[in-house]
Each structure stands twice: as structure tokens, then as C-alpha cells.
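Hi everyone, thanks for coming. Please have a look at the sequence and the 3D view on the screen, and keep them open while I talk.

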Amino acid sequence: MPLVHFFETSFGRTYSRDMILVEVVSNGVSGWGEVTCGEHPFYNEEWTESAWLLLKNYIAPKAAGKTLEAQTAGQLSAGIRGHKMAQGGFEVACWDLQARLNGVPLWREIGGETRFEIPCGVSIGIQDSVDQLIEKIRLEVDAGYRRIKMKIKPGWDIDVVARVRAEFSSILLMADANSAYTLADVDRLKALDEFNLMMIEQPLAHDEIIDHATLQAALSTPICLDECIRNSHQAAQAIRLGACRIINIKLGRVGGFAEALRVHDVCFQAGIPVWCGGMLESGVGRAHNVALSTLPGFTLPGDVSASKRYWKRDVIDPWVEVSSEGTITVPGGPGFGYHLDLDFLASVRARLETLSPQ
Ligand SMILES: [Mg+2]
């Protein structure tokens, strides 16, 4: 699916997405999940093709014909190291199916709060010019979004953040580096302290908790960890070491709802606020993120934003919409609460594989 506008991070530019949707069927009812990996193994080790093989060769053959509960469906593939996004695509589909079979909304099935709305932020990629970035931020602030996240990398950081802050003195602003720095850049990152950022997200290596603890001790700006936190044990370690003051939770990165709930609980008990990160999801992944964001520890606006910011046409009906106050209304229907646009899905589908117990 082509993106409305390219999205650039420190990894490079994305113009369109190849995504895997997982459908699990029981008693004629379907549950849907999305694999949130990218087209290339740059965010983590997974990519669309690796996830396809993992699902086809390992997960689906184990799942077909089994009696499962969503709470423990992830354990089916517990012997597989890594590849959490492929595993998570299956696991979240099981939660959606279970909620639909129980006739309740997904947010209720996972233990979320009765919240009618969730606060939304946006993530804005690196642009061709600072003027262009400022123009995009103005558009999103005017649309009502509660928090602006800008991507940074060496050379697109201090001066750019300074200009954005000068232009928008009071907005909730944060920066995401996607691991573009090392401890040799402490002074450069310290220079960002004066801009009153809510947080700097994942400045150092994707698998480096200890260096983040060293950096956090040198910064007044809170560090938020993203790539580093793949499970609740790592969340507990990062908190214990003082490596971050905020954690971003992504369903795919931690392998689905069961582990996301455990990460949430560890953070909640430690008083660490969490928020829901985004992976340029289609409406399916977006709807799962809305449900996740109803948990009580999600006190900061997440990267869950409107379908139309990303897609000319989304795969769900209705689309995810954001109010002029920057909120998404949590749907009340069973499962994740949106319908699949099956006609459109068929028109953009490149591959389909069905595995059954037979
Ligand atoms: Mg991030």
C-alpha cells in the first residue's frame, strides 16, 4: 500500500508498505492481526519475507486445529528465538478472535479501562528542509494532535529542534533518534536539554541498556526506550539501572498482547509512564493499538493517529479518525471494533496462503 507521504527515519525512507495480515478462524468467526515489521531488517532483525516464512513454516502449522486461549497462544511459538513481530501478528489475531467469540470489545478482553477516548500524538519523519518540517508540524498542531514527535539523526538534530522550539514554544515535543547516536555524542545530546523535550527516544544502540543508563545520568531530558525493550524482563532491568524514565510499548516488538500487558504492569508498578508506539500500521494494527492504549499505564499520548495521515484508503471500515481535540473514540463493537474492507483488501493482496488442520 502506497503511503500518502514518504516516512523518513535514521534508517532511510519508506514510500510504500508490504504488510502481512493474519486471519485466524474458529467456528466461522475471524480474528485479525497484523505483523508490524518493515520491508527490510533495519528496525530489528525481521522483515516482511522473514515473517512470512516464520508464520507459514512454524507458527501456522502448530496452531491449525489446536484449542487455544489468547492468554497463552504466544507460548505455542515460545521455542523460537526472536521474530517477535511474526509471532505477535498471530498472537494479536487470537486476542481479536477470542474477544469476538466472547462478544466483547478487544480493549475489555485485555483488561483495559472504560475509556471513551485516547489522546493522540503524531510522529513526523525527517523532511527535505526545516521549513517543510515546520509546515508539517503546524498542520498537525492545527489538526488537534496533542504531542509532536520528530525524528532526529546526527546533522538533523540541535539546530532543527531549536528552530522547531522557537516556532512552537509550548507544544509537547519529543525527539526519536532510532539508535543513531553513541556515548561519544553525549555533549550533542546534552545540548537538547535546553529545549524542554518531553523525552528523547532510543538515542543509543537498539540492544544497549547499560549505555542508556550512563546517558540518562548525564541528561535532564527523560530517555524513552523503544527498540531495547523486547520483553518485561528487559523493561525491569532498564528501570532498575535507571536507563530510562519512560517506555514505549509496541505490540509487535514484544510479541503480542500477553507480553505487552506484562511490560505495562512492570512499568505501572514502578511509576514509569508508557505510551503506544507506531510502525506505519494498516487499520488492523492501528485498531489493536487503540485497544492497547486503554490500559491504565498509558498516560502519555501515543503514536496512534488517523488512517488518512498514512493511507489513501485503509483496509478497515470506518477508518480510524481523530477528533479536533486530538483524540480517538474507542470503538464499542466486538473485537477490535472495525470491519475489514474485504473488497479493498482483495484488490491490494499480493499473496494468500491458507493452512487448515487437513
Ligand atoms: Mg521509536
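This is a predicted model: local features need pLDDT of at least 70, side-chain atom pairs count only at pLDDT 80 or more; totals for chains, interfaces and linings use all residues.

Let's begin with the pockets. The largest pocket has a volume of about 1500 Å³. Sorted by class, the lining of the largest pocket holds 29 nonpolar, 8 polar and 10 charged residues.

Now turn to the second largest pocket, with about 540 Å³ of space. Its lining has 32 residues, and Phe7, Thr9, Phe11, Thr14 and Leu280 are the closest to its centre. Here the elements that supply at least two residues each are strand E1 (2-9), strand E2 (12-16), strand E7 (147-151) and helix H12 (283-292). The largest share, 5 residues, belongs to E2. By class, the second largest pocket is lined by 10 nonpolar, 12 polar and 10 charged residues.

Rolling a probe the size of a water molecule over the atoms shows where empty space is left. How many cavities of 30 Å³ or more does the count give? The count comes to 3.

The largest cavity has a volume of about 70 Å³. Its lining is made of Glu34, Thr36, Gly88, Val92, Leu251, Gly252, Gly256, Glu281, Gly285, His288 and Asn289. H3, helix H10 (251-254) and H12 each supply at least two residues of that lining, and H12 gives the most, with 3 residues. In classes, the largest cavity has 2 nonpolar, 7 polar and 2 charged lining residues. Domain 1 (2-104 + 339-348) and domain 2 (117-329) both contribute to the lining of the largest cavity, so this cavity lies between them.

The second largest cavity has about 40 Å³ of space. Around it you will find Arg115, Ile118, Pro119, Trp275, Cys276, Ser293, Phe298, Leu300, Pro301 and Gly302. Strand E5 (117-119) and strand E12 (274-276) each supply at least two of the residues lining the second largest cavity. By class, that lining has 7 nonpolar, 2 polar and 1 charged residues.

In soluble globular proteins, nonpolar side chains tend to be buried together. In this model, the largest nonpolar core has 87 residues, and Ile247, Leu292 and Phe336 touch the most other members. At least three residues of this core come from each of domain 1 (2-104 + 339-348) and domain 2 (117-329).

To finish, two single residues. Asp303 sits in the loop between H12 and strand E13 (316-317). Is Asp303 buried or exposed? Asp303 is buried, because its relative accessible area of 7% is under the 20% cut-off. Beyond four places in sequence, Asp303 touches Gly121, Val122, Ser123, Arg147, Lys149, Trp275, Cys276, Gly277 and Gly278.

The other residue is Ile158, in helix H6 (residues 158-167). Ile158 has 23% relative accessibility, so it counts as partly exposed. Its contacts, apart from neighbours within four places in sequence, are Arg188, Ala191, Leu192 and Phe195. In the C-alpha to C-alpha distance, Ile158 and Leu189 are 8.2 Å apart in space, while they are 31 residues apart in sequence.

How values were computed:
Residues are numbered from 1 along each chain as its sequence is written. Side-chain values use heavy atoms; hydrogens and water are left out. On a 1 Å grid over the protein atoms alone, a cavity is a set of points where a 1.4 Å probe fits but cannot get out, and a pocket is an open set with protein on both sides within 12 Å along at least five of seven lines; lining residues have an atom within 4 Å of a point. Grid points are joined across faces, edges and corners, and a volume is the space filled by probe spheres set on the points. Ala, Val, Leu, Ile, Met, Phe, Trp, Tyr, Cys and Pro count as nonpolar, Asp, Glu, Lys and Arg as charged, and the others, Gly among them, as polar. Helices (H or I, at least four residues) and strands (E, at least two) are DSSP runs, numbered from the N terminus. A nonpolar core is a set of buried Ala, Val, Leu, Ile, Met, Phe, Trp, Tyr and Cys residues joined through side-chain atoms within 4.5 Å. Buried means under 20% relative accessible area, exposed over 50%, partly exposed in between (1.4 Å probe, protein chains only). Domain bounds come from an automatic or database domain assignment. Contact means heavy atoms within 4.5 Å.
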